[in-house]
Amino acid sequence: MKLINDSSCSWINDLSLRHNIKTLEKNENCDWLIIGAGYTGLSAARKLSQLLPNKKIILVDAQLAGEGASSRNSGYLVDTTLNDGFTSNKDLENYKKKTNIYKLGIEAVKKFVKEYQVDCDWNECGKYFASSNQIDNKILKNFSETLSKLDFKHKILFNNDLFKRLGTNFYNVALYTKGGILLHPGKLVRAMIDTLPENINLYENSLLLNWKKVNGKITCNFMNGSINSKNVIFATNGFLKSLGIKKNYNFPITLTASMTRSLSDKEFKSIGEPKEWGVLPVRPMGATIRMTKDRRILIRNTAEIHSPYKMSKLDLNKRYNKQKIGIKKRFPQLPDDIIQSTWSGIVSRSRNGSQIFEKLDDNIFVAGCYNGSGIGVGTLFGEQIAIKASGEYTEEIKVIESRKKTTWLPPDPFLTLGVKCRLIYERFRARSET
Ligand SMILES: Cc1cc2nc3c(=O)[nH]c(=O)nc-3n(C[C@H](O)[C@H](O)[C@H](O)COP(=O)(O)OP(=O)(O)OC[C@H]3O[C@@H](n4cnc5c(N)ncnc54)[C@H](O)[C@@H]3O)c2cc1C
């Protein structure tokens, strides 16, 4: 069983190769063990080491640290989301709680970036929720009312304005929100690895096979050794369910994305030389599409139930073709063969769009399930779960714990069947938007 499913993600390929990778080859004991080294696990490790500098802390990942979803996402550090289960005016209170968490997430990433002087192409340019479909005007009007009630700066834009800003006449209506940041997700997570404090032992390419707690002792078994730890934090997000954690409260979804090469001067001119921008879909199964600051176009237009462990070249190729069409629909003047890489990544979803942040048992904690918005929330939850696990309490924990909890999901095969049906329905509803 291997977690790595492909090695062709442009964000990862932009980074330098890492050296001195350590793999777990023997049995170990420690005070704190963190499983999963994405934004959540790395932030938890950094915080624990500040709180408990004399404790032995081990961080383990099944693949190279940071090279799961944390390097494979679209790079939107969001302040607001539209398709998250809590966006209607009816559920204003829960939507507000959710945006309070996003706000804290942005602050957590901002603080990290400032403190360590991280260059991750940070751009506070806001984002668009856009649609080609006039009917979606209504959804955006309702969303606008919700945002006005919560004082989020935003405006609704139409075709001509959108054409000028985005360089495509595909979209007819959009809601632009001023908050929210675009960044390079790979550079951000790499900085979290590079700045790990010295008292963290990082083991990579070391898959946790199973774990148990007997008479208060927690044992985690890996391919070539086991670790006995007094405390464990699970930060495996899309893989929580496969480890039996909160298995009736979250499920994995596989997303695929593609990125083009940088557009040439001529190509860039042909689309009106727009500034960096990011578009999120109005309907859940529409495309996320982004123009990077170095003139590359990223598109993500699939979300599906798939084995979380691998996506074959053939499967990835099918998604590539879909993404090629998605780019062509928006930028017909660009050549057919400009996609440079196509990759998949796993996220964790809950039924009601809420997240997991809790103590599972004495000395066992978990944070995850960000429903596709884990850059800020993962960083925040990682830090705060470390604080909670070490027995402290903060204002941030108060905000996190006031959210609605994730709701119960039926077991398989009912769950998979239900999710597949829902995805087919949502795909149909968003058929013009992929
Ligand atoms: C295509 C795509 C686009 C996305 N776009 C955005 C976006 O624009 N904005 C946003 O905020 N979020 C986005 N997301 C979601 C975001 O990437 C995740 O929410 C975030 O990376 C979660 O961080 P994490 O550290 O909790 O999980 P991960 O980054 O998934 O890290 C978990 C780690 O656990 C490890 N692991 C799993 N199982 C085991 C095991 N058994 N043993 C040891 N290690 C294990 C994995 O190898 C992995 O490295 C997107 C995701 C994808 C895939």
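Which residue takes a positive phi just after α6? In this predicted model, that residue is G167, with a phi of about 80°.

Helix α6 itself spans residues 159-166, and L162, R165 and L166 are buried in it. These three cover an arc of only 80° around the axis, so they lie on the same side of α6. An α-helix has 3.6 residues a turn, so residues three or four places apart point the same way. The face turned away from the buried side carries N160 and K164, both exposed. The buried residues pack against four strands: β4 (127-131), β5 (154-158), β6 (173-177) and β13 (277-281).

Those strands belong to an open sheet of eight, in the order β5-β6-β4-β13-β14-β15-β12-β16. The pairing is mixed. β5 and β16 (339-349) stand at the edges, each with a single partner strand, so one side of each has no neighbour in the sheet. On average, neighbouring strands are turned by 20° against each other, direction ignored. Helix α6 packs on this sheet, and its direction makes about 100° with that of β5.

The largest nonpolar core holds 107 residues. I34, F129, A174, I233 and I385 touch the most other members. Helix α4 (residues 92-115) supplies the largest share of this core, eight residues. Beyond its neighbours within four places in sequence, I34 is in contact with G41, A44, A45, L59, I233 and A235.

Notes
Residues are numbered from 1 along each chain as its sequence is written. This is a predicted model: local features need pLDDT of at least 70, side-chain atom pairs count only at pLDDT 80 or more; totals for chains, interfaces and linings use all residues. A nonpolar core is a set of buried Ala, Val, Leu, Ile, Met, Phe, Trp, Tyr and Cys residues joined through C-beta atoms within 7 Å. A residue is buried if 20 or more other C-beta atoms lie within 10 Å of its own, exposed if 12 or fewer, and partly exposed in between; C-beta atoms are placed from the backbone. Helices (H or I, at least four residues) and strands (E, at least two) are DSSP runs, numbered from the N terminus. Two residues are in contact if their C-beta atoms, placed from the backbone, lie within 7 Å. The arc is that of the directions from the helix axis to the C-beta atoms. Two strands pair if DSSP finds at least two bridges between them. Axes are lines fitted to C-alpha atoms, for helices over the stretch in contact, and angles run from 0 to 180 degrees between N-to-C directions.
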